[in-house]
Amino acid sequence: DLIGVELPETRQPLLQVCTALLAAEVNISQVYPLLTPPSRHPAVALMVDNIEMALETLKSKGFHAINEDELKDYE
C-alpha cells in the first residue's frame, strides 16, 4: 500500500515530509514521484510501515495527503 502526499512550496519539501514521518518513527521504504499537471503541487507516493500513523502525522504537520479520487484529477 502507498500513500500520496503533495509537497509544500518550501525549500527542500521532500526532506520536510520525510523528517516529519521519521520523527514519528514511521519507516519509509520507498518513494515514487507522481506526475502532476502544472496547476497542481508536486507530489510523491510513499511506501511506509504504518499507513495510519503516517497519515495522522502528515495531517497534524499540515501536509496534504492525496486520496484515490484526487489521483484521477492528475490524469
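**Sheet and helix packing**

Student: Which residue in β4 stands opposite V5?
Tutor: V5 has A65 of β4 opposite. β1 (residues 3-6) pairs with β4 over 2 bridges, in the antiparallel sense. Strands are DSSP runs of E, at least two residues, and helices are runs of H or I, at least four, both numbered from the N terminus. Two strands pair if DSSP finds at least two bridges between them.

Student: What sort of model is it?
Tutor: It is a predicted model, where local features need pLDDT of at least 70, side-chain atom pairs count only at pLDDT 80 or more, and totals for chains, interfaces and linings use all residues. Residues are numbered from 1 along each chain as its sequence is written, and side-chain values use heavy atoms, leaving out hydrogens and water.

Student: What is the strand order?
Tutor: β2-β3-β1-β4, in an open sheet of 4 strands with antiparallel pairing. β2 (28-34) and β4 (65-66) are the edge strands, each pairing on one side only.

Student: And which strands does α1 touch?
Tutor: Helix α1 (residues 13-23) packs on the sheet and touches β1, β2 and β3 (43-48), its direction making about 25° with that of β3. Contact means heavy atoms within 4.5 Å. Axes are lines fitted to C-alpha atoms, for helices over the stretch in contact, with angles from 0 to 180 degrees between N-to-C directions.

Student: What about α2?
Tutor: Helix α2 (residues 51-60) lies across β1, β3 and β4, at about 15° to β1.

Student: How many bridges join β2 and β3?
Tutor: 6, antiparallel, and V31 has L46 in β3 as its bridge partner.
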